[in-house]
Amino acid sequence: MKAYLTRRYRFSAAHRLHNESMSERENRATYGKCNNPYGHGHNYALEVTVSGQVDGRTGMVCNLEDLDGVVEREVLERFDHSNLNCLPEFAREIPTTENLCVQIYDLLRQNFVLAQVENVRLEETMMNSFEYGGGDVRH
Amino acid sequence: MKKTVYLTRKAEFSASHVYHNPTLSAEENRAVFGKCNNPHGHGHNYVLEVTVKGEVDPRTGFVLDLKQLKDVLHREVLEAFDHRHLNLEVPEFKNQIPTTENIAIAIWKRVAPKLKVASLHRVRVFETPDLFVDFYGEE
């Protein structure tokens with residue numbers, strides 16, 4: 001029996017949205033306040049959804065501690081209390097929440113093998129959120 | 001693989017309405033709509049979540065400019081619905097009962113044609129924190 005499990009995490013990070021290949025005016029027009037030169041921060045809320053068969057012996061899709069361990073190591077340690085613009089992950093990409101969401105999904109797909117990583121949902125503020133489930137397929 | 005990201009923006013509006021179908025008798029209206037049929041109407045703080053989907057533009061890192069989405073929601077939905085009596089002041093509900101279902105459909109029809117870059121994926125309307133409706137467009 002397949003079930004979906006979602007776990008919620010939090011981290012805080014700074015970013016600045018700025019594209020070197022655009023003029024100052026274009027950057028300002030595209031990113032508005034998010035282009036302010038010294039950056040700003042958010043408290044992100046992350047929801048990771050995994051799926052799998054419910055194990056007959058444990059009654060679980062996967063052990064939450066295993067998921068927590070991978071999210072802690074791959075996502076929280078990497079991004080929490082960091083300045084996203086200074087990380088190698090964003091050396092060639094603007095650290096929008098769209099791109100951060102895709103990166104987190106890719107990191108978890110590569111590193112969490114005990115259940116299927118289905119979807120990553122990232123709240124940037126209480127009013128905005130972003131979701132990525134890989135390609136064009138929505139589960 | 002296409003990187004389709006889903007972006008959700010929230011907005012809030014407060015409005016009054018009454019559920020009453022003039023083709024039903026007073027007794028039938030009461031039976032179908034209960035308290036929602038009280039003649040002088042009642043109100044809710046609605047929470048709207050609009051989800052759009054699209055590919056991440058490599059130049060900006062955005063699916064679309066959130067400010068444009070916010071402006072569309074403000075112009076097309078909030079200005080028409082917020083602090084209004086839906087039955088009396090919103091044209092869609094002159095001949096249609098302003099149930100949460102019909103509100104979600106009306107919002108879809110207002111917002112979908114105004115989006116240039118990304119496409120509308122889902123309109124979710126919370127009537128109360130315990131009740132919401134999702135509309136994904138015509139099947």
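**Reading the core and a helix**

A: Start with the largest nonpolar core, which has 55 residues. Those with the most contacts inside it are A:Cys101, A:Ile104, A:Leu122, B:Val5, B:Val52, B:Val63 and B:Ile107. A nonpolar core is a set of buried Ala, Val, Leu, Ile, Met, Phe, Trp, Tyr and Cys residues joined through C-beta atoms within 7 Å. Keep in mind that this is a predicted model: local features need pLDDT of at least 70, side-chain atom pairs count only at pLDDT 80 or more, and totals for chains, interfaces and linings use all residues. Residues are numbered from 1 along each chain as its sequence is written, while chains are lettered from A and ligands numbered from 1 in the order in which they are written.

Q: Which residues does B:Ile107 touch?

A: Leaving out residues up to four places away in sequence, B:Ile107 touches B:Leu48, B:Val77, B:Val123 and B:Val125. Contact here has C-beta atoms, placed from the backbone, within 7 Å.

Q: Which residues of H3(A) are buried?

A: Buried takes 20 or more other C-beta atoms within 10 Å of a residue's own, with C-beta atoms placed from the backbone. In H3(A), that goes for A:Thr97, A:Glu98, A:Asn99, A:Leu100, A:Cys101, A:Val102, A:Gln103, A:Ile104, A:Tyr105 and A:Leu107. Among what they pack against are strand S4 (116–123) of chain A and strand S1 (4–17) of chain B.

Q: How many helices and strands has chain B?

A: Helices (H or I, at least four residues) and strands (E, at least two) are DSSP runs, numbered from the N terminus. Chain B has four helices and five strands, in the order β-α-β-α-β-α-α-β-β from the N terminus on.

Technical notes: Buried ≥ 20, exposed ≤ 12 C-beta atoms within 10 Å, placed from the backbone. Contact = placed C-beta atoms within 7 Å.
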